[in-house]
Amino acid sequence: DYAFFEPFLPNEKHPLEINDEVFRKLKPDFCVVNEDSSDTEYLKGIATKHKVKLIILKRWNPPEFKNISTTKIIKKLSGKNI
């Protein structure tokens, strides 16, 4: 029923620390991240603590999106050539 992007909070000890509070308050059944997500071991610890099933997905894109990246989109919008 919920999805969110983790905000960066400068006073946190760890960038994923916000998940501890989110899991405690929302009591989710699952947390889904990509395999290249930052510090999955830290997140596994928080998920285990709150009995949240951590699902790690393999990053995958359809072939037609192979050459698309956030960096290329930003450069295109800013008028800079790649």
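I began with helix α1: its buried residues (under 20% relative accessible area, with over 50% exposed and partly exposed in between; 1.4 Å probe, protein chains only) pack against β1 (30-34) and α2 (40-49). Helices (H or I, at least four residues) and strands (E, at least two) are DSSP runs, numbered from the N terminus. Contact means heavy atoms within 4.5 Å.

The model is predicted: local features need pLDDT of at least 70, side-chain atom pairs count only at pLDDT 80 or more, and totals for chains, interfaces and linings use all residues. Residues are numbered from 1 along each chain as its sequence is written, and side-chain values use heavy atoms, without hydrogens and water.

**Helix α1**

Which residues of α1 are buried? I found I18, N19, V22 and F23 in this helix, residues 18-26. They lie on the same side of α1, because their arc around the axis is only 125 degrees. That arc is taken from the directions from the helix axis to the C-beta atoms. Just after α1, I noted K27 with a positive phi of about 50 degrees.

**Helix α3**

Next I looked up I73, which is in α3 (residues 70-78). Is I73 buried or partly exposed? I73 counts as partly exposed, because its relative accessibility is 44%.

**Whole chain**

I read the pattern along the sequence as α-β-α-β-α. That gives three helices and two strands. The chain has 82 residues, and 18% of them count as buried. I also checked contacts with a separation of 6 or more: 37% join residues 24 or more positions apart.
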